[in-house]
Amino acid sequence: MTPGLIDRFKNGLWYENPGLVQLLGLCPLLAVTSTFVNGVGLGIATLSVLVLSNALVSATRRWIRSEIRIPIYVLIIASLVTCTELIFKAWFPALDRSLGIFIPLIVTNCAIVARAEIFASRNPVGSSIVDGLVMGVGFALLLMAIGAFRELVAMGWLLAVLPPGAFFTLALAIAAKNVIDRRQRENRDDTLPRQSRLTNR
Amino acid sequence: MSVIDIPVLKSGITLAAIAAICTALVATTFELTDDRIAANEQAWLEQSLRPVLAGLSFDSGISDSMLTIPAPHELPGTDDAVIYRVYSGASPVAALFVVSARDGYAGPIRLLVGIDVDSTVTGVHVLAHRETPGLGDGIEAVKSDWARQFTGRSLGDPATSGWRIRRDGGEFDQLTGASVTPRAIVKAVKETLQYFDANRVAIFAAAADSREGGAE
């Protein structure tokens, strides 16, 4: 039942991409992607929080009763985000100034608590780290792609870096993904259409 | 203790233990990064003050000489103003004011105004604003040279009646398509100069005190 490493990467980057398919973490995704550098910064910060929170949630899963699991996820994620913020302030001050409030707000990114609940709380540590890695990379690449696209388009069309541009860009990205998926499905009509396996169980 | 309490107690202990671990994690990270963060903030402050320090010779750590003037005060702006005092040895060189021009087109404009000990403006630099992109944002040093025209000016140059934009009969350039923003800044710079003239002794006396206090 456990998919291979390559399949898991395909899931994280494409079939179950947190931003494009699960539509999680849209608040930071829409708000900070006005430039490529911002996308890289927030992408790396989210990726590291996601990997570490998956690892910690998975490592403690045997002692955590299900009634108190949510406060514990919140505790773990909030501490990791605070540490990430301090590290950014210490080593990447310019990036920290341009991302501003969105680093502390990673704590509200539902992609992270979703992976803790759906995957890390039911799987061994190694597997959870891989899950955090693939989902985080999928999210980070989407942030970078949208950031790069908006920054380029803004040279001719200022609206792209303003808030509406974020919505248009994300809509275009999701539409493009759906078109590509449909083409692929039509090309391989004999195989079953690939279902999103959000629950992974 | 009833039977029902035992799982609750267990949950409580688990929560407390994990909270303690998380707190330790944050505390350790804070300890490791604290010095670097303080140094970064210091460097950022000195870098922000640099635009109005050109041509001055000084030897002091600028951020040590900070003086906060709580609102209400006679400087422009309704929020707290900050003065950084700069000196060479024991003699005052300049005072750098962080003030707000109240009547911008879209809210207050945070300004850094440098004034040397002879009451001449060493530079005006916009720290934060919400003016219209493409029109009022020409006040930013990266967008245009507009703010440079204040450098070297003082209350006698031009005379008080000339401390207006050209459209109002003064000597200062406006920006194409925007006169509210430049008008607000000219007024704020003028008021800062007037405050400096009226309070020069007090400003630098306070500075000398805090310097001696710091040396003890």
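Predicted model: local features only at pLDDT ≥ 70, side-chain atom pairs only at ≥ 80, totals over all residues.
Local features are given only where pLDDT is at least 70 and side-chain atom pairs only at pLDDT 80 or more, whereas totals for chains, interfaces and linings use all residues. Residues are numbered from 1 along each chain as its sequence is written, and chains are lettered from A in the order in which they are written.

Chain A holds eight helices and zero strands, where helices (H or I, at least four residues) and strands (E, at least two) are DSSP runs numbered from the N terminus. Of its 201 residues, 37% are buried, a residue being buried if 20 or more other C-beta atoms lie within 10 Å of its own, exposed if 12 or fewer, and partly exposed in between, with C-beta atoms placed from the backbone.

Leaving aside residues up to four places away in sequence, A:Val49 touches A:Ile77, A:Leu80, A:Val81, A:Thr84, A:Ile106 and A:Ile112, contact meaning C-beta atoms, placed from the backbone, within 7 Å.

Helix 3 of chain A has 17 of its 24 residues buried. At 1.5 Å a residue these 24 residues should span 34 Å, and the end C-alpha atoms are 34 Å apart, which agrees; the expected span is 1.5 Å times one less than the number of residues.

Helix 7 and helix 8 (residues 163-187) of chain A pack at about 125°, with their axes 10 Å apart. That makes helix 7 of chain A oblique to helix 8 of chain A, since angles under 35 degrees count as roughly parallel, over 145 as roughly antiparallel, 65 to 115 as roughly perpendicular and the rest as oblique. The contact residues include A:Phe149 of helix 7 and A:Leu170 of helix 8.

| Residue | Backbone value | Loop of chain B |
|---|---|---|
| B:Pro158 | omega about 0°, cis bond with B:Asp157 | strand 5 (121-128) to helix 2 (180-215) |

With 15 C-beta neighbours inside 10 Å, B:Ser119 counts as partly exposed.

Methods
Contact = placed C-beta atoms within 7 Å. Axes fitted to C-alpha atoms, helices over the stretch in contact; angles between N-to-C directions.
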